[in-house]
Amino acid sequence: MYKAIDIANWFIQRAIQDVKTNGGEYITHLKLQKLLYFAQGCYTAMEGKPLFKEKIYAWAHGPVVSTLYPKFCEFKDKGIDQCQEVKIDEHTVAILEEVYRVFGQYSAWALREITHAQTPWKSTVLNHEIPLSVITKYFKENIVTD
């Protein structure tokens, strides 16, 4: 199991790589939070265990790993162009690459809207933890295919 900051840094590294090679865009804090939610959901649905231990909360703009909020909030809506190097195992990287491919193509605001339409966020009282069991069930039934 990884720390959420490790997965966050992986997504930031991946976006920086895209900027350098394909002219992509840096990830904003809002987009990063949504990618963490999608990564946790996909990984847990596929592997039967969490990708990271930190809890995800239902905030006004969608799912948020609240412990990471202070680390990236200074960027506001600007792209995050710096991170720490992380090492993630190949199997996990394959899952993260797929999450990045599928969901990373959307803007932060589009990801916000997608999460607002999903049961885990909709069924959770604002500012409360979204139970991992609810995220896992939703992703198994609606997102992850065999």
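Biologist: On what basis are the values given?

Modeller: In this predicted model, local features need pLDDT of at least 70 and side-chain atom pairs count only at pLDDT 80 or more, while totals for chains, interfaces and linings use all residues. Residues are numbered from 1 along each chain as its sequence is written, and side-chain values use heavy atoms, with hydrogens and water left out.

Biologist: How many Å does helix α4 reach from its first C-alpha to its last?

Modeller: Helices are DSSP runs of H or I with at least four residues, numbered from the N terminus. Helix α4 covers residues 90–103, which is 14 residues. The expected span, 1.5 Å times one less than the number of residues, is 20 Å for α4, and the helix comes close to it, reaching 20 Å.

Biologist: Within what arc do the buried residues of α4 fall?

Modeller: Buried means under 20% relative accessible area, exposed over 50% and partly exposed in between, with a 1.4 Å probe and protein chains only. The buried residues of α4 are Thr92, Ile95, Leu96, Val99, Tyr100 and Phe103. They line one face of the helix, because, by the directions from the helix axis to the C-beta atoms, they fall within an arc of 140°.

Biologist: Which exposed residues does the face turned away from the buried side of α4 carry?

Modeller: The buried side is covered by elements including α1 (4–22), α2 (29–47) and α5 (108–116), where contact means heavy atoms within 4.5 Å. The face of α4 turned away from that side carries Glu90 and Arg101.

Biologist: With which side chain does the side chain of glutamate 97 make a polar contact?

Modeller: Glutamate 97 lies in helix α4 and is partly exposed, at a relative accessible area of 29%. Beyond its neighbours within four places in sequence, glutamate 97 is in contact with Trp10 and Arg14. A polar contact is a pair of N or O atoms within 3.5 Å; within protein, one must be able to donate a hydrogen and the other to accept it, and residues adjacent in sequence count only if both atoms are side-chain atoms. The partner, at 2.9 Å, is the side chain of arginine 14.

Biologist: Which residue caps the N-terminal end of α4?

Modeller: The backbone nitrogen of histidine 91 lies 3.2 Å from a side-chain oxygen of the capping residue. That residue is aspartate 89.

Methods: Helices (H or I, at least four residues) and strands (E, at least two) are DSSP runs, numbered from the N terminus.
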